[in-house]
Structure formats: C-alpha cells, structure tokens
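Subject: Structure handover

Dear colleague,

I am passing on the structure below, and would be glad if you kept it open while reading the notes that follow.

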Amino acid sequence: MATGRRRNLTHEEEAAFWSWATVEVLRHTGIRIEEMLELTHHSFIAYTLPTTGEVVPMLQVAPSKTDAERLLLVSPELAEVLTAVIFRVRAGKAALPLVSAYDVFEQTWSPPMPFLFQRRYGTEDRPLTRSYIRECLVATSQSAQITVAGDPLEWRPHDFRRIFVTDAIRSGLPPHIAAKICGHAALDTTMGYAAIYPEDVISHHRAFIARRRTERPSEEYRELTATEWDEFLSHFELRKVALGTCGRDYATPCQHENACVRCPLLLVDPAQMPRLQEIHANLIDRLQEAKDQGWLGEVAAIETTMAAAAQKLEAMRERAAQPSTVHLGMPDFRTTAGRLTSDC
C-alpha cells in the first residue's frame, strides 16, 4: 500500500536480520545481551566426548556480571543461526573483519577482535551496540503488531533469557544446572524467572521444593558436582540414532519406545535417506499383509508409521537441498604487528 513515505529497504532488511539473529541466539543460549555482543570467532570451542570421540561444539561466554566464564553447548538450531551470522559478516571474505568495541561501563576500547555481531557502516566495520539491537527489536515488535490486553507488545533482550530458563526447567533440566548455565551465583536468582510460569507450574514446583527441603535441607543449595556435569554431557552421547540425531531434552525418557520414525524429535540425516526408503518400502509390504490377514489394529499402526516416514523423507530432501553450513572451527590466535592473521 502506498504511503507517500520513502523507505530504505536495505536498512530495513539489515535491521530485520539482526533482530532475527538476536532473538535466536538469546532464546537458544539464555545469555545476556552484553555477553552476546562480546561473542567472537574465538568463542567457539570443540569438546571431544571421551567415550565416543564425538566432537561437540561449545560456546565460551565471557562474564558480564560475574568473574566466571562458562561453556554452552551449541545446538543444531543455534549452529545454523551462527553460521548465517558468519556468512553475512564475512561478506565473501576469508575471515571476519577485526573491529574494536567500546565498553560504555568500563570506558575502554577492546583490541581488534573478530566480533560476530558487527556490520558495515559507511566505509568501515563497526560492532553492534545495545542501542542498535534495541532499535531492531522495537521495529520487529511494531511490524509483528502483537498486542496484550489491547496494548502493543514490545520485546526486550532479557525477555528471551527468561524464556530460555523457563523452557529449560519445564523440560526437566534441574534448576541448579540451569543456574550454572545462566551464570547465576544463587539458585534463587534462577528461580526468580518462575514469575512467568503458569500458575499450576509455580504451585507444583514450590511444593516439590518444599518436600525436598524437608527431606534434605542442604541439598537445594549445593554446588554442581563434577559427576552431575559429566552426566549432563553424557546425555549427548546417546543422541545418535540410525536415522539422525535424537533431540529429546536432558533427563527425559524416550516417549516413542525407540520408534524413531514416528518421533517428531528426530533430527533427520539426509545421508540416511536410502535406509528410510527401505523402511518405507517394507512398511508398504507389511501394510498389504495386514490388510490381507484382517489385522485392523496393525493396519492403523502401520499407516501412522508410513505417514511419519513420508514426513521424515520430505524433511531429509529439504535438508539436503539447503546450502552446506560453514565449519565454525577452532580459529588460530596469532599476533602479528598487533593484528590477527586471516586464519582467524
């Protein structure tokens, strides 16, 4: 619709991209906005599981409110977002541009670093600022036209940190592990995010805490043990299945009795398409046999599995058609005349 107002589509597209990237990174990691803006190419770390040798990508987060750095697991969804950011910032170059960021609180400039959240401004590259991110989110909120009780809804970066903690705890992640992931010094800080829970979740969780305190008063405030952290990491050793990767949450059982073809949490691997095609062909034969024998219950089950297999095949074709992702890698850190080499 013509409005008579000139629009800078390049500026709007750039703001929309960074708004999307901000929302996705914050909701998948739960980090603070200042921690997100400090992410660099050096933040990626490859952790090798000692039992299987599988390499798990991790994100090293610099502290913003505490003195303790922390590591976050990079999910496939987060990896795709970070890949898109790197491709955009590189703009066809071999490496990310090196830029210096100004810390408004410390009133100091950082050394030139390959920051992930940066953009081309005129003739130079500049790191994104908190004010620019807020402008992008406000523009996205206005475009979405979402209202609550008749008032327009405005998203703020910290909202997605609350969403991350809420989803993690409701999915079964122990609160004290969620506190470590978020960098909270006290468990009460993490549980303060329960203010946005539905009322039944609040009451049930408080009742659970009350029972635990009665039985083991000191256990609620203990530190995370090395054994518990190893158990948390070992969950990712069990994610590999024949047709791809299982995406179920930590400390949750398999809901489909290992019938992965039916499971919506299966992250399909396009390389396993021939195997799934064989399964689908076998299901057709089984369906015909069940119909011939009059096994009506078996017919319904097989038809359900066939429909799920067809959906998985379509998902495999879509993933295979997507452009290959960039290897985030382990950048080398070498100083040459105060600058980094292109290996970074």
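Helices (H or I, at least four residues) and strands (E, at least two) are taken as DSSP runs and numbered from the N terminus. Please note that the model is predicted, so local features need pLDDT of at least 70 and side-chain atom pairs count only at pLDDT 80 or more, while totals for chains, interfaces and linings use all residues. Residues are numbered from 1 along each chain as its sequence is written, and side-chain values use heavy atoms, with hydrogens and water left out.

The chain holds 11 helices and 14 strands, and 36% of its 344 residues count as buried (under 20% relative accessible area, with exposed meaning over 50% and partly exposed in between; 1.4 Å probe, protein chains only).

Strand β2 (residues 55-61) is joined to β3 by four bridges, the two running antiparallel, and V61 stands opposite R70 in β3.

Elsewhere, V104 lies in the loop between β4 (102-103) and β5 (108-109), and V104 counts as exposed because its relative accessibility is 54%.

Best regards

Terms used
Two strands pair if DSSP finds at least two bridges between them.
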